[in-house]
Amino acid sequence: MKILVCISNVPDTTTKISFSSDNKEFNKAGVQYIINPYDELALTKALELNEAAGGGTVTAIHVGQVDAEPNLRKALAVGADDAVRIDTAPVDGFFVASEIAHFAKDKGFDLILCGRESIDYNGGMVAGMLGELLDWPSVNVITSITTSGGEAHLERDIDGGREVLKAKLPFVGSCQKELTEPRIPNMRGIMMARSKPLLVLPAATNTAHTQVATYAAPAPKAGCKFLEPSQVEELVQLLHTEAKVI
Amino acid sequence: MAVVVFAENNAGSFKKASFEIVSYAAAIARMMGTSVTAVVLGSMEDAVASELGTYGAAKVVKAADASLDTFESHAHAKALAEVAKSEGAKVVVLANTYAGKALAPRLSVKLSAALASGAVALPEINGSFTVLRSVFSNKGFANIQLDTDVKIVSLTPNSYKVVAEGSAAPVENRSLGISAVDFKSTSVEVKTVTGKIPLTEAELVVSAGRGMKGPENWHMIEEMATILGAATACSKPVSDMHWRTHDEHVGQTGITIKPNLYIAIGISGAIQHLAGVSGSKVIVAINTDKEAPFFKIADYGIVGDAFEVLPKLNEALSKFKAAN
Ligand SMILES: Cc1cc2nc3c(=O)[nH]c(=O)nc-3n(C[C@H](O)[C@H](O)[C@H](O)COP(=O)(O)OP(=O)(O)OC[C@H]3O[C@@H](n4cnc5c(N)ncnc54)[C@H](O)[C@@H]3O)c2cc1C
């Protein structure tokens with residue numbers, strides 16, 4: 001199969017998040033960037049699907065600036081055949097989905113996989129928007145996928161349970177934990193990645209629907225009220241009368 | 001002009017998240033000087049649908065097509081877009097559930113409408129339209145400005161109080177132009193977890209980590225959840241080791257939740273875990289280690305051994321529940 005995997009470049013999960021003093025910008029200084037963990041699942045699953053099918057290609061695409069290239073090289077080291085970077089500063093989910101749709105529309109992909117959401121802006125909207133822009137089906141939060149005869153058998157999370165479903169290729173899937181375990185690049189992969197193609201293309205659509213007006217840090221906590229292990233009845237009373245949650 | 005709200009049909013009834021978003025939509029409609037049209041798709045008694053009036057819907061548009069009983073994002077998006085257009089929707093409100101997350105982006109493209117997903121407060125409307133949503137997996141918030149004529153907001157469950165002060169709304173039964181070709185995926189089987197409160201909607205959550213030592217000890221966690229009517233959750237290593245199923249994993253790479261009460265037992269409070277739960281209104285931490293980072297964001301803490309504290313705490317909770 002010919003599979004496109006969408007890669008987002010996000011702050012490492014240990015990052016302490018802070019904003020500029022006017023609350024207009026996220027402080028990027030000193031922040032390490034990683035491949036969005038859900039996108040790692042998408043990449044690994046794309047490789048597994050092609051291994052099961054006995055062939056195919058995996059292209060990794062990123063909409064963003066040059067500083068994301070180390071993570072695109074990492075995607076190549078994990079096993080993607082080639083990578084594409086749309087050279088622009090993404091503004092929102094619609095902006096990213098539009099660029100990817102523009103790139104993908106006439107390339108004959110069988111499947112596009114994204115992460116469930118990026119762990120920075122948490123929009124969870126690229127997969128659905130891409131599907132709608134391409135007029136393809138989209139299936140969210142998939143936890144299992146196999147393909148045969150132009151059709152995919154899937155499982156996905158739904159509110160209060162799981163759904164087993166079928167969808168015809170091509171479609172867009174968003175990947176959820178449990179789909180697979182992310183692959184880690186090995187030495188050979190890292191060497192090979194250096195000579196794999198990384199194509200840089202200009203932005204084609206450049207349209208956003210939203211902008212961040214301001215950021216805000218979470219309200220600081222008042223501090224923890226400590227109780228002794230023997231004071232369980234007091235705890236229950238505090239939860240009832242003071243916190244009013246039970 | 002109207003505010004259109006999509007009230008999810010859960011086998012003929014509504015969940016609390018639907019009442020929250022209708023109340024939320026009603027508040028937006030008041031700001032804009034307009035009214036709320038609620039949309040119900042799939043089979044439901046008119047009397048049940050009309051209940052949305054209590055929460056602020058001026059009318060309910062219902063498409064009782066039985067093919068819409070099982071959620072399918074393409075068919076549902078098409079149906080909802082049709083109603084939004086016919087009602088002249090300026091704002092469309094959904095719940096940020098799995099169904100809402102599948103629907104909202106497709107609807108956003110169909111209506112050329114900006115989408116704010118995971119909103120946590122009412123929008124501010126004065127010339128511009130901005131709404132607060134959590135970003136960086138709850139480590140921060142962003143006021144998002146929506147720059148299109150039509151706007152879509154999906155509200156994080158448990159972010160807005162249900163307001164029940166209206167009366168039953170008229171129900172208008174409509175047939176929408178949905179046919180077999182609008183269904184792009186085929187549901188084979190729906191496996192609902194029964195007897196368990198879905199974590200994403202729970203107001204009370206009892207969660208445990210590696211400090212519980214092994215899955216055989218989870219009966220104490222389940223007991224507490226049963227007493228409280230709470231959902232159960234766990235840390236990532238716990239689901240990675242298959243002590244618990246992955247749908248209980250909360251945190252930056254799991255589920256983000258915002259319950260009224262989160263009880264964390266034997267969880268250290270790593271930054272990735274806290275990211276998913278720090279939006280909880282009240283946090284209780286029980287941990288043997290007084291330096292555990294969880295105590296930094298907890299409201300109440302017990303430094304102690306879960307194996308000693310839990311039996312006593314469960315007893316105290318049972319007594320409290322019996323008396324209240
Ligand atoms: C990319 C990435 C993403 C991640 N995403 C997540 C995520 O989404 N969610 C998540 O949870 N983690 C996540 N993690 C893992 C996270 O860093 C922590 O390792 C994890 O949260 C620790 O789980 P824990 O608190 O259960 O275990 P531990 O850190 O081992 O803590 C166990 C705690 O139990 C206490 N304890 C031990 N015995 C007892 C007892 N008898 N009674 C009471 N307390 C006791 C200990 O004092 C300790 O504080 C992620 C990590 C990475 C690298």
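**Contacts, sheet and domains**

Reply: Start with a salt bridge: B:Glu203 pairs with B:Lys16, with the closest N and O atoms 2.8 Å apart. A salt bridge here is a side-chain nitrogen of Lys or Arg within 4 Å of a carboxyl oxygen of Asp or Glu. This is a predicted model, where local features need pLDDT of at least 70, side-chain atom pairs count only at pLDDT 80 or more, and totals for chains, interfaces and linings use all residues. Residues are numbered from 1 along each chain as its sequence is written, chains are lettered from A and ligands numbered from 1 in the order in which they are written, and side-chain values use heavy atoms, with hydrogens and water left out.

Me: How is chain B divided?

Reply: Into domain 1 (3-182) and domain 2 (199-323). The bounds come from an automatic or database domain assignment. Their C-alpha centres lie 32 Å apart.

Me: What area is buried between domain 1 and domain 2 of chain B?

Reply: About 1100 Å², with carbon and sulfur atoms giving 43%. Buried area is the accessible area (1.4 Å probe) that two parts lose on being put together, summed over both. On the domain 1 side, B:Asn138, B:Lys139 and B:Asn158 supply 50% of what that domain buries against domain 2, more than any other three residues.

Me: And how many salt bridges and polar contacts cross there?

Reply: Two salt bridges. Seven residue pairs are in polar contact, both at pLDDT 80 or more. A polar contact is a pair of N or O atoms within 3.5 Å; within protein, one must be able to donate a hydrogen and the other to accept it, and residues adjacent in sequence count only if both atoms are side-chain atoms.

Me: Switching to the sheet. What is the strand order?

Reply: β11(A)-β5(A)-β4(A)-β1(A)-β6(A)-β10(A)-β7(A)-β8(A)-β9(A)-β11(B), an open sheet of 10 strands with mixed pairing. Strands (E, at least two residues) and helices (H or I, at least four) are DSSP runs, numbered from the N terminus. Two strands pair if DSSP finds at least two bridges between them.

Me: Why is one side of each edge strand left without a neighbour?

Reply: β11 (198-202) of chain A and β11 (185-192) of chain B each have a single partner strand, so one side of each has no neighbour in the sheet.

Me: How does β11(B) join chain A?

Reply: Seven bridges link it to β9 (residues 161-168) of chain A, and the two run antiparallel. A:Glu163 stands opposite B:Val190 in β11(B).

Me: Which helix of chain B packs on that sheet?

Reply: Helix α4 (residues 98-110) of chain B, touching β7 and β8 (151-158) of chain A. Its direction makes about 90 degrees with that of β7(A). Axes are lines fitted to C-alpha atoms, for helices over the stretch in contact, and angles run from 0 to 180 degrees between N-to-C directions.

Me: How many residues make the contact between the chains?

Reply: 79 from chain A and 84 from chain B. Contact means heavy atoms within 4.5 Å. The area buried between the chains is about 6900 Å², of which carbon and sulfur atoms give 58%.

Me: How many salt bridges between chain A and chain B?

Reply: Six. In one salt bridge, B:Arg106 meets A:Glu132 (2.8 Å, N to O). α6(A) gives the largest share of the side of chain A that touches chain B, nine residues.
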